Amino acid sequence: MSSSKRHITVLVSNDLQHDQRVAKVCNTLRSLEYDITLVGRLMSSSKPFERPYQIKRFRLLFKSGALFYAALNLRLFFYLLFKKTDVILANDLDTLLPAYLVSKLRGKRLVYDSHEYFTEAEGLTGRSFQKNVWLAIERSIFPKLKDVYTVNESIAAIYRKQYGVDVKVVRNIPELKPLEKIKSREELGLPTDRKILLLQGAYIDPDRGGVELVQAMQYVRHALLLIIGSGRDIERIKSLIVELKLEQKVKVIPKLPFDELRQYTANVDLGLSLDKPLHLNYTLSLPNKLFDYIHAATPVLVSDLPELRRIVTTYKVGMLAERVEPDYLSDCINEAFSDSSYNQWKQNCINAREELNWQNESKVLVEIYR
């Protein structure tokens with residue numbers, strides 16, 4: 001570690017490789033001349049990768065559930081206890097407890113980045129014991145924090161009201177940078193004679209509209225649906241495609257590195273984000289994919305949720321879906337392609353990305369970390 005630089009230890013509970021928000025934050029920290037150690041977990045599916053800073057990934061005995069979180073927090077606590085560092089950055093509530101304890105024990109600065117409304121996540125719905133454990137951790141630590149930022153104004157407003165903390169907003173927006181070369185549809189194995197829809201995401205889980213979207217494709221004319229990513233609903237979606245005999249209308253592609261994914265996003269006609277408002281975390285979400293579509297000049301069809309509505313209506317980049325139901329979605333898709341505003345939506349995406357980009361968004365981070 002350079003003696004002239006401050007050091008920051010960045011904590012994440014995933015395997016680091018596909019976390020674009022954390023990667024962008026670390027790049028901003030590098031521009032502020034921090035030495036960085038990025039800490040996460042090593043999974044059986046994890047692949048080697050390089051970054052221009054130190055990476056540490058723990059292999060844990062447990063993959064999920066209470067034992068996983070207990071093991072992760074213990075490993076992080078003892079790692080931080082002896083790690084030479086000036087600042088600790090905890091990403092999400094599942095890394096906050098060890099970060100807070102060590103920051104107090106060692107007198108280190110703590111920064112908290114809340115990627116979602118964690119205690120209202122879909123995975124905690126109906127699981128009162130687990131939810132109460134996380135709430136207890138949050139309530140005991142959050143009011144004592146000084147440096148906090150989160151992903152949108154809706155979540156920030158709730159935290160400010162609950163805990164009396166000045167929570168900043170840093171949305172998860174891509175950097176403004178063109179692809180060096182955009183591959184053609186032929187190079188990607190995509191049809192040139194049909195409209196193409198895209199649902200992308202690392203967490204295509206229940207209640208995120210994937211199943212209803214596949215069902216809607218029975219009624220969509222002359223189009224192909226691409227589903228690119230991973231999640232707990234993927235196998236259900238694959239089975240449904242076969243059951244409905246939609247193999248020629250729906251294609252599932254496993255999760256791709258971000259730059260490869262961008263090639264597909266740049267070649268589609270409509271980007272989709274269809275979370276249902278059944279969990280408060282989904283209701284208040286502002287998915288990364290919305291901005292990925294905008295940066296690719298791809299008009300969108302998205303759920304009519306507060307943060308999504310704010311972007312779509314402000315920048316006029318597509319349509320809002322009032323319901324996530326197959327018949328209704330098929331009507332919306334067919335309407336989007338026939339709407340006289342479609343070409344204007346594309347131009348509005350190009351205009352919007354000049355404002356909605358990481359170069360502008362990261363100015364908040366610069367103020368926090370300086």
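Q: Let's start with charges: how many salt bridges does a search of the whole structure find?
A: Keep in mind that this is a predicted model. The search of the whole structure finds 20 salt bridges. In general, side chains of opposite charge can pair when their charged atoms come close.

Q: Nice. Which residue does Lys-131 form a salt bridge with?
A: Its partner is Glu-120, and the closest N and O atoms of the two are 3.1 Å apart.

Q: And where in the chain do Lys-131 and Glu-120 sit?
A: Lys-131 is in helix α4, residues 128–141, while Glu-120 is in the loop between β5 (109–114) and α4. They are 11 residues apart, and the pair links distant parts of the chain.

Q: Switching topic: how many helices and strands does the protein chain have?
A: There are 16 helices and 13 strands in the protein chain.

Q: What about holes inside? How many cavities of 30 Å³ or more are there?
A: The search finds one, and about 50 Å³ of space lies in the largest cavity.

Q: Which strand gives the most to the lining of the largest cavity?
A: That's strand β8, residues 195–201, with three residues. The lining residues include Leu-199, Tyr-203, Arg-208 and Asp-275. By class, the lining has four nonpolar, three polar and three charged residues.

Q: Last one: which residues form a nonpolar patch on the surface?
A: Leu-61, Phe-62 and Leu-67 do, with about 330 Å² of accessible area together. Leu-67 lies in helix α2, residues 65–82.

Conventions:
Residues are numbered from 1 along each chain as its sequence is written. This is a predicted model: local features need pLDDT of at least 70, side-chain atom pairs count only at pLDDT 80 or more; totals for chains, interfaces and linings use all residues. Side-chain values use heavy atoms; hydrogens and water are left out. On a 1 Å grid over the protein atoms alone, a cavity is a set of points where a 1.4 Å probe fits but cannot get out, and a pocket is an open set with protein on both sides within 12 Å along at least five of seven lines; lining residues have an atom within 4 Å of a point. Grid points are joined across faces, edges and corners, and a volume is the space filled by probe spheres set on the points. Helices (H or I, at least four residues) and strands (E, at least two) are DSSP runs, numbered from the N terminus. Ala, Val, Leu, Ile, Met, Phe, Trp, Tyr, Cys and Pro count as nonpolar, Asp, Glu, Lys and Arg as charged, and the others, Gly among them, as polar. Patches are made of residues with over 30% relative accessible area and no salt bridge: like charges are joined within 9 Å, nonpolar side chains (Val, Leu, Ile, Met, Phe, Trp, Tyr) within 5 Å. Accessible areas come from the Shrake-Rupley method with a 1.4 Å probe; for residues, only the protein chains shown count as cover. A salt bridge is a side-chain nitrogen of Lys or Arg within 4 Å of a carboxyl oxygen of Asp or Glu.
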